Structures are given as structure tokens and as C-alpha cells.
Amino acid sequence: MTAAVATLVAGVVLGYLGQRSRMCFVGGIRDFMLVRDGYLLRGLAAFGLTAWLAFPLVAAIGGAGVGPFGTPDVVTAALAVLGGFGVGYVSTLANGCPFRQHVLAAQGVVSSAAYLAGFFAGAVVFHLWAAPLLLRLLP
Amino acid sequence: MATVVDSIAPVRSRRTGVRVTATVTGIVGALLAVIAGSLFDVRPPDAYGLCMACHARDLVDWTVNAAAGTRLTVAPASLVFPVLTPIGVLLGALLAARTSGEFRWQHPEHPLKTFLYGVVVMNCALLAGGCSIRLLLRTAAGETLGLIGFGALAAGVIVATQWLRWRAAR
């Protein structure tokens, strides 16, 4: 229950800030390539750097640490490459990362609401069909 | 391309409302993600404090499991009660849009097309083990697999942007 309340509160704060700042986690790279605009890219870098500093700091004050992480096997790494590329490619075509789509849907963009419907349906599709199929095909 | 231009326009809104930069959002987001994961039980798995795809999957699968008695996968963090990040983000963004006067109904693209985009992105994200946010979070936590996924994501964005530019130039 703690996790549910914590994520709800964090979500509200982030949703608010995300709407005010137009933050998008794929838009930074896209905007920089298209128009040399580094506004969103700075947000992406700030997120990565802050998290990198915050993980050891929070662990030092008594929080649960992360890792150690093992070396990934080839199949898992290949799936990460395939999935990561797909997320980046299709999110760019869809005009925003999943976070941005949540924010757009909340400000009245109907196509983003349709995106979210597909996004939520996709979770069931993955666990009912895609994952079992992959498990059968993979070594 | 109107939607792309709209989304990359800098924050110089004439409307009222609190002004926040993407950098501030990035910093606050990362702090919340790490604190939620390390101090508020949004784990295991590691670096699970914030993810739009995995948390949405947990919420949807948990609800379907509860309603239909299925056994769809949820992360250990969401076994008893699901994480509520998607609902929180929707509520927070709705509040921001309403208070700043930026809420308005728009239909920039065909809903069927974006529905399919949503299905594909969710499947790819679950394959990679996170959406763009969590792949970066895992990278920051020092996980090699996160770095591999985030590198592939960056490559995907670059290829798609080149393709969009090529299509617009034709």
C-alpha cells in the first residue's frame, strides 16, 4: 500500500510539472536533431545525472541500495536492443514518449487518449500472447 | 507536422500558470523516482521508482487479474496493491492544464493510428524492461542492460527523426 500511495503522489507532482514544462523523454533527442533546440535534452540529462547522484546518496542515508547487477546474457541483451529501438522509433512517430502521451491525454488530446487505450491494452496483449510466443521461439 | 511543431515550441505561453523548465522537471522526477524506489517500497525490481510502461502494466494486469481471475504478470512491488503512477500523472497534468487554461479537446491524428502506436510501444517497452524513463533510471543505477536498452532507444529516436525529416523534405 505504501508503494501505491507513494507512486500516486509522485505521479501527481510529475504530471503537474510535466504539463507545465512539456517534458518528453524522447523529444529531447528529436528536437536537438531537428532544430538544434536543447530545451528538452537538458531535462533528459538532468534526470539521468540527478538519478545517478541520488542512488548512492539515498542508500547512504539508509534507503535500499540498487544492484549489484549481473552481466546480461546475449538473448536478454538482444531483446533489450530490439525493445529499446522499438520504443524510441515508435514513440518518435507517435510524437512523444509514454509520459508525454499521458500528459497530452490529460490536457484534452484525443489521439493521445487513444494512444493510452492502446498502451494499456498492449500490456494484456504482451502477457497473453507476445511473451508466451517469444518464450516458445527463443532458445 | 503541426503536432511536432506544437510539441517542440518553447514554453512561452501567454496564458497564466506556473512556469517550470524541463530541467527542473528532470531533477524533481529523478529525485522522486529514486526516493520512491529506495524509501517507499516501490521495489523489487531495482530502479523501479518511476516507469510509465511497467507501472501501467502492473495497474492494468492487477485490475484484470482481480476482475477476471487471470494470472497476468505483475511486478513484486504491485502484488498486494498496484502502483498508481499513470493515474497520478493523469490527475497532475489535468490539474495543471485546467489551472493554466490549456485544457482543450484536440484531434491532431487519427485515433486508430495512435492506438496501434500505443500497443507497439507497450510491447517494446516490456520487452526492453522499461519505458524511456526507466531505461534511463536503470542506466543511472549502473545496470548494463539498462544502458543497452537506452542506447537502442536513442538510436531508434535518431533513425525515426531522420525518417521524419526525409519524409518532410520530399
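The following legends describe close-up views of a predicted model.

**View 1. The interface between chain A and chain B.** In this predicted model, 99 residues of chain A are in contact with 117 residues of chain B. The two chains bury about 9700 Å² between them, and 76% of this area lies on carbon and sulfur atoms.

**View 2. Polar and charged pairs across the interface of chain A and chain B.** Between the two chains, 17 residue pairs are in polar contact, with both residues at pLDDT 80 or more. One salt bridge is found across this interface: A:Arg20 pairs with B:Glu102, and their closest N and O atoms are 3.7 Å apart.

**View 3. The side of chain A that touches chain B.** Elements giving two or more residues to this side include helix 1 (2-21), helix 3 (39-60) and helix 6 (110-137) of chain A. Helix 6 of chain A provides the largest share, 19 residues. By class, this side of chain A has 65 nonpolar, 28 polar and six charged residues.

**View 4. Salt bridges within chain B.** Over all chains, the count comes to six salt bridges. One of them joins B:Arg43 and B:Asp46, at 3.5 Å from N to O; B:Arg43 is partly exposed, with a relative accessible area of 32%. Another links B:Lys113 with B:Glu109 at 3.1 Å. In this pair, B:Lys113 is partly exposed at 40% relative accessibility, whereas B:Glu109 is buried at 18%.

**View 5. The salt bridge of B:Arg138 and B:Glu143.** The side chains of B:Arg138 and B:Glu143 form a salt bridge of 2.9 Å, N to O. B:Glu143 counts as buried, with 13% relative accessibility, and B:Arg138 is also buried, at 5%.

How values were computed:
Residues numbered from 1 in each chain as written. Chains lettered and ligands numbered in written order. Predicted model: local features only at pLDDT ≥ 70, side-chain atom pairs only at ≥ 80, totals over all residues. Heavy atoms only, no water. Contact = heavy atoms within 4.5 Å. Buried area = accessible area lost by both parts, 1.4 Å probe. Salt bridge = Lys/Arg side-chain N within 4 Å of Asp/Glu carboxyl O. Polar contact = N/O pair within 3.5 Å; in protein donor to acceptor, adjacent residues only side chain to side chain. Helix = DSSP H or I, 4+ residues; strand = E, 2+ residues; numbered from the N terminus. Nonpolar A, V, L, I, M, F, W, Y, C, P; charged D, E, K, R; others polar. Buried < 20%, exposed > 50% of the residue type's maximum accessible area, 1.4 Å probe, protein only.
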